[in-house]
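Dear colleague,

Please find the structure for your review below.

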Amino acid sequence: MSSATPAEPTGGSAPAARPRVLSGIQPTSDTIHLGNYLGAVRQWASLQEEFEPFFFIANQHAITVEHDPKKLLERTYRSVAQLLAAGVDPARSAIFVQSQVPEHSQLAWVLECLTGFGEARRMTQFKDKSAKVGEGAVSVGLLTYPMLMAADILLYRPQYVPVGEDQRQHLELTRDLAQRFNHRFKKTFRLPEAYIPKSTAKIMDLQEPRAKMSKSASSPSGLIDVLDDPKITAKKIRSAVTDSDTVVRFDEENKPGIANLLRIHSALSGEEIPALEERYAGQGYGQFKKDLADVVVDFVAPFRERTLALLDDRAHLQQVMAKGADQARAVASRTLADVYDRVGFVAPPPERR
């Protein structure tokens, strides 16, 4: 999830601050995959140029299903390290862990009390997962996590929220809850709007190229995990599904496999797809896949090296998270104080504001 908002005015004649942007990523695996990187994480570094960024590790969302505490902690560190390796600069961005900013949970409770039970049950993730195993087998957290997601966003009073298709329903709920709060109490939240990044690459499964690359749905051979051994990654590219034709041509309908590989090459190399089609005219898939494997390895190898070096310095990662949490709480506590005042709660202690 991601959000952007103009920062609050500082008063006087000071120039307006840059718009604020917020994005979160769940620490549910040891490594992000190439689809995560190209579809979201890569954009985060570029957002630093024109926004005031807040990037968080959504570890509270990660416990709506059974989890291993040791793995969750390790994956939280790994997520922070990968953000740094991707170019997110703690000198320009707040990088924090969701559970270290208690205002997220506190606002979520208020929003839960504004959400109808039927409204929560209609959310796609709850419907899909509970339909598979039965409502009695899923946690209340799975039912209420969209309200936590709304709190994640509204704490920072965003203007825009970059979302994929699978998150549009959550954005609509966030807007509904913001509007409901504003109407019932006092105008407090801006209604966030969907924000579409200028260009993102939608990366598909290497073995099922009509399906999006996904940790939960893809087979190991269909995923490119950015922290894998580069030799494994190169082998996966060379084994990627194409078709019986040998023409390197972008045709998403009839040649989804080669279209996906062209998209990956273009996203990493910066070379336009028509230029790639022209360059590989008459060469067949073998040479194209070999060259693409080199392009992907040239990206993942240094990324992996940077991430592993960062993981060797836990003290630095802890400092990054602590600084980010302080920056996040400076904003979140002001929003929560307004919310508490408007719903009739006793104000938070002064040191929390």
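Predicted model: local features only at pLDDT ≥ 70, side-chain atom pairs only at ≥ 80, totals over all residues.

Helix pair

Helix α3 spans residues 103-112 and helix α12 spans residues 314-343. Their axes come within 10 Å of each other and cross at roughly 25 degrees. Because angles under 35 degrees count as roughly parallel, α3 is described as roughly parallel to α12. The crossing of α3 past α12 is left-handed.

On the α3 side, the residues that take part in the contact are Glu103, Gln106, Leu107 and Val110. They meet Arg329, Ala332, Ser333, Leu336, Val339, Tyr340 and Val343 of α12.

Glu119

Glu119 lies in helix α4, which covers residues 117-121. Is this residue buried or exposed? Its relative accessibility is 16%, and because buried means under 20%, Glu119 counts as buried.

Apart from neighbours within four places in sequence, Glu119 is in contact with Leu114, Leu173 and Arg180. With Arg180 there is a polar contact between the two side chains, at 2.9 Å. The side chain of Glu119 also reaches the backbone nitrogen of Gly116, at 3.1 Å.

Glu52 is 67 residues away from Glu119 along the chain, and the C-alpha atoms of these two residues are separated by 33 Å.

With kind regards

Note on methods: Residues numbered from 1 in each chain as written. Heavy atoms only, no water. Axes fitted to C-alpha atoms, helices over the stretch in contact; angles between N-to-C directions. Helix = DSSP H or I, 4+ residues; strand = E, 2+ residues; numbered from the N terminus. Parallel < 35°, antiparallel > 145°, perpendicular 65-115°, else oblique. Left-handed = near helix turned anticlockwise from the far one by under 90°. Contact = heavy atoms within 4.5 Å. Buried < 20%, exposed > 50% of the residue type's maximum accessible area, 1.4 Å probe, protein only. Polar contact = N/O pair within 3.5 Å; in protein donor to acceptor, adjacent residues only side chain to side chain.
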